[in-house]
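Please read the sequence and the 3D structure side by side, and follow the paragraphs below with both in view.

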Amino acid sequence: MWISTEDRLPEKGENCWYFYDKVGTWRGHFEGCYNGNKDMHIFVAAEGYFLTGDVTHWHPDQEEKPDEPV
């Protein structure tokens, strides 16, 4: 089940899938929030790519890539 970043964020260091409509779904982990600002959440992909503040949804980690949120 996808969770909106407006509702709740993962625990710092938690592995997850994350989604942003312009780049799609990525698997990685939640790094935390820049200076404690919830709007500046940081998600990092296994490949090293990261998004700061753009992720709209996240999904608890699982082997298979989940369908994109609707």
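In this predicted model, the aromatic pairs come to a count of four. One of them joins Trp26 and Tyr49 in an edge-to-face arrangement, with 5.6 Å from centre to centre and 70° between the planes. Trp26 belongs to strand β3 (residues 24-33), whereas Tyr49 sits in the loop between β4 and β5 (50-52), so this pair ties together parts of the chain that are 23 residues apart in sequence. The two partners can also be described by their accessibility: Trp26 is partly exposed, at 28% relative accessibility, while Tyr49, with a relative accessible area of 55%, is exposed.

Another of the aromatic pairs is formed by Phe30 and Phe43, and here the rings are tilted, with 5.0 Å from centre to centre and 55° between the planes. This pair, too, links distant parts of the chain, since Phe30 lies in strand β3 and Phe43 in strand β4, 13 residues apart. Both Phe30 and Phe43 are buried, and together with Tyr18 they form one aromatic cluster.

Six strands form an open sheet, in the order β1-β6-β2-β3-β4-β5, and their pairing is antiparallel. At the edges are β1 (3-4) and β5, each of which pairs on one side only. Within the sheet, the antiparallel strands β2 and β3 are joined by six bridges, and Tyr18 has Trp26 in β3 as its bridge partner.

Which residues make up the largest nonpolar core? There are eleven in all, namely Ile3, Leu9, Cys16, Tyr18, Tyr20, Phe30, Phe43, Ala45, Leu51, Val55 and Trp58. Strands β2 (15-20) and β4 (41-45) each supply at least two residues of this core, and β2 provides the largest share, with three residues. As a general background, nonpolar side chains in soluble globular proteins tend to be buried together.

Cys16, one of the residues of that core, leads on to the question of disulfides, of which the structure holds zero. Cys33 is accordingly in no disulfide.

In one of them the side chains of Arg27 and Asp61 meet, at 2.8 Å from N to O. Arg27 is in strand β3 and Asp61 in the segment after β6 (57-60), so the pair ties together parts that are 34 residues apart in sequence. Arg27 also forms a salt bridge with Glu63, where the closest N and O atoms are 3.5 Å apart. Glu63 likewise lies in the segment after β6, so its pairing with Arg27 in strand β3 ties together parts that are 36 residues apart in sequence. In this way Arg27, Asp61 and Glu63 are linked in a network of salt bridges. Arg27 is partly exposed at 28% relative accessibility, Asp61 is partly exposed at 35%, and Glu63 counts as exposed at 67%.

How values were computed: Residues numbered from 1 in each chain as written. Predicted model: local features only at pLDDT ≥ 70, side-chain atom pairs only at ≥ 80, totals over all residues. Heavy atoms only, no water. Core = buried A, V, L, I, M, F, W, Y, C linked by side-chain atoms within 4.5 Å. Buried < 20%, exposed > 50% of the residue type's maximum accessible area, 1.4 Å probe, protein only. Helix = DSSP H or I, 4+ residues; strand = E, 2+ residues; numbered from the N terminus. Phe/Tyr/Trp six-rings, centres within 6.5 Å; stacked < 30°, edge-to-face > 60°. Pairing = 2+ DSSP bridges. Disulfide = S-S within 2.5 Å. Salt bridge = Lys/Arg side-chain N within 4 Å of Asp/Glu carboxyl O.
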